[in-house]
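I opened my notebook to jot down what I looked up in this chain. Here is the structure, then my entries.

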Amino acid sequence: NTKMDEIEAALQTASMREFLTHYNQMVQSCFSRCVHTLWDRRLTDSELSCSNNCIATLIASQGRISQAYLTASGKTFARQPASGAEDSAGTSS
């Protein structure tokens with residue numbers, strides 16, 4: 001059980017690292033596209049609008065990609081026989 005806990009913790013860490021990497025890439029991409037001057041501490045209305053649109057577009061795209069991945073992986077998983085199903089089919093109790 002401890003080994004499973006270690007594996008689960010490692011998977012959670014990897015998942016968080018991947019999320020933060022994607023988040024940082026999204027922020028950097030939108031910042032580069034939308035923020036053109038650093039003279040003021042506040043974003044201009046156009047920079048703010050661009051940033052909001054950029055983030056919304058990237059989040060929607062990521063959602064579509066995730067949904068497509070889940071759909072595809074679900075179909076792949078459904079095609080595979082359940083582990084142990086073939087072993088128990090031939091045995092008698």
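**Fold and ground rules**

Read along the sequence, I get the pattern α-α-α. That is three helices and zero strands, where helices (H or I, at least four residues) and strands (E, at least two) are DSSP runs numbered from the N terminus. This is a predicted model, so local features need pLDDT of at least 70 and side-chain atom pairs count only at pLDDT 80 or more, while totals for chains, interfaces and linings use all residues. Residues are numbered from 1 along each chain as its sequence is written, and side-chain values use heavy atoms, with hydrogens and water left out.

**Helix H1**

I checked the span of H1 (residues 2–34): at 1.5 Å a residue its 33 residues should span 48 Å, and the end C-alpha atoms are 48 Å apart, which agrees. The expected span is 1.5 Å times one less than the number of residues.

Which residues of H1 are buried? I found Met26, Cys30 and Cys34. Buried means under 20% relative accessible area, exposed over 50%, partly exposed in between (1.4 Å probe, protein chains only). Over the chain, buried residues make up 8% of the 93 residues.

**Disulfides**

I count two disulfides, each a pair of cysteine sulfur atoms within 2.5 Å. One joins cysteine 30 to cysteine 54, S to S 2.0 Å. This pair links distant parts of the chain, with cysteine 30 in helix H1 and cysteine 54 in helix H2 (residues 45–79), 24 residues apart. The S-S torsion of cysteine 30 and cysteine 54 is about -85°, so I noted that disulfide as left-handed.

Another disulfide joins cysteine 34 to cysteine 50, S to S 2.1 Å. Cysteine 34 sits in helix H1 and cysteine 50 in helix H2, 16 residues apart. With -65° about the S-S bond, the link of cysteine 34 and cysteine 50 is left-handed. Cysteine 34 is buried at 2% relative accessible area, whereas cysteine 50 counts as partly exposed at 28%. Counting bonded cysteines along the chain, I get the pattern 1-4, 2-3.

**Aromatic pair**

Searching the whole structure, I found one aromatic pair. The rings of phenylalanine 19 and tyrosine 23 have their centres 6.3 Å apart and their planes at 25°, so the pair is stacked. My cut-offs: rings of Phe, Tyr and Trp (its six-membered ring) pair if their centres lie within 6.5 Å, and planes under 30 degrees apart count as stacked, over 60 as edge-to-face and the rest as tilted. Phenylalanine 19 and tyrosine 23 are four residues apart in helix H1, about one helical turn. Tyrosine 23 is partly exposed at 41% relative accessible area.
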